[in-house]
Amino acid sequence: MGNAWWNLTLRFLLELAALLGLGIAGWHLSQGWWRWVLAFALPLVAAVLWGTFAVLNDPSRSGRAPVPVPGTVRLALELVILFGGAAGFYRAGHTTTGIVVALLIAISYAFSLDRLGWLLKQ
């Protein structure tokens, strides 16, 4: 079920939400020109990490891995970025959005037990 079209679509939307949440967090957690720096830097760093560190032959991705990592490292990276985005919404005062995003992340992973098992074996 981890590679079902609806779950892949949900994961993609959650990735976008995480980037937005990190940008909002960067904006709200700083002052002056640092707002601009963090609002752009946090999502950019997250996107670069997301695209760079991957597990070889991951069926939910292209299969390529610019920097191959074990499945547990990839899973930890995904969880930090996704829940970091949800926490960014929550911390910036968008409490309901943060909670809904966190619940959707949990639902997506609950329907991805096959992928989680695969990641943990890599």
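# Briefing: a buried salt-bridge network and the nonpolar core

Glu-78 has a relative accessibility of 0% and therefore counts as buried. This residue is found in helix α3, and the model that contains it is a predicted one. Salt bridges that share partners join Glu-78 with Arg-11, Asp-58, Arg-74 and Arg-115 into one network.

**Salt bridges**

- A search of the whole structure finds 4 salt bridges.
- One of them pairs Arg-11 with Glu-78, and the closest N and O atoms of this pair are 3.7 Å apart. Arg-11 and Glu-78 are both buried.
- Glu-78 also forms a salt bridge with Arg-115, with 2.6 Å between the closest N and O atoms. Because Glu-78 lies in helix α3 and Arg-115 in helix α5, the pair ties together parts that are 37 residues apart in sequence. Both partners, Glu-78 and Arg-115, are buried.
- Arg-115 is in turn bridged to Asp-58, where the closest N and O atoms are 3.2 Å apart. This pair links distant parts of the chain, 57 residues apart: Asp-58 is in the loop between β1 (53-54) and β2 (67-68), and Arg-115 is in helix α5 (residues 113-121).

**Burial of the Asp-58 and Arg-115 pair**

- Buried residues are those under 20% relative accessible area. Asp-58 has a relative accessibility of 1% and so counts as buried.
- Arg-115 has a relative accessible area of 6% and is likewise buried.

**Surroundings of Glu-78**

- Leaving aside neighbours within four places in sequence, Glu-78 is in contact with Arg-11, Trp-50, Tyr-109 and Arg-115.
- Among these contacts, Arg-11 is a salt-bridge partner of Glu-78, and so is Arg-115. Tyr-109, another contact of Glu-78, is one of the residues with the most contacts inside the largest nonpolar core.

**Largest nonpolar core**

- The largest nonpolar core has 21 residues. Those with the most contacts inside this core are Leu-14, Ile-81, Leu-82, Val-101, Ile-105 and Tyr-109.
- The elements that give two or more residues to the core are α1, α2 (33-52), α3, α4 and α5.
- In soluble globular proteins, nonpolar side chains tend to be buried together.
- Val-101 touches Leu-14, Ala-17, Ala-86 and Phe-89, when residues up to four places away in sequence are not counted.

**Phe-83**

- Phe-83 is placed in helix α3, the helix in which Glu-78 is also found.
- With a relative accessibility of 35%, Phe-83 counts as partly exposed, whereas Glu-78 at 0% counts as buried.
- Apart from neighbours within four places in sequence, Phe-83 is in contact with Ala-102 and Ile-105. Ile-105 is among the residues with the most contacts inside the largest nonpolar core.
- The C-alpha atoms of Phe-83 and Ala-106 are separated by 9.5 Å, and these two residues are 23 residues apart along the chain.

**Confidence of the prediction**

- The chain has a mean pLDDT of 92, and 97% of its residues reach 70 or more.
- Arg-115, a salt-bridge partner of both Asp-58 and Glu-78, lies in helix α5.

Conventions
Residues numbered from 1 in each chain as written. Predicted model: local features only at pLDDT ≥ 70, side-chain atom pairs only at ≥ 80, totals over all residues. Heavy atoms only, no water. Salt bridge = Lys/Arg side-chain N within 4 Å of Asp/Glu carboxyl O. Buried < 20%, exposed > 50% of the residue type's maximum accessible area, 1.4 Å probe, protein only. Helix = DSSP H or I, 4+ residues; strand = E, 2+ residues; numbered from the N terminus. pLDDT = per-residue confidence, 0-100. Core = buried A, V, L, I, M, F, W, Y, C linked by side-chain atoms within 4.5 Å. Contact = heavy atoms within 4.5 Å.
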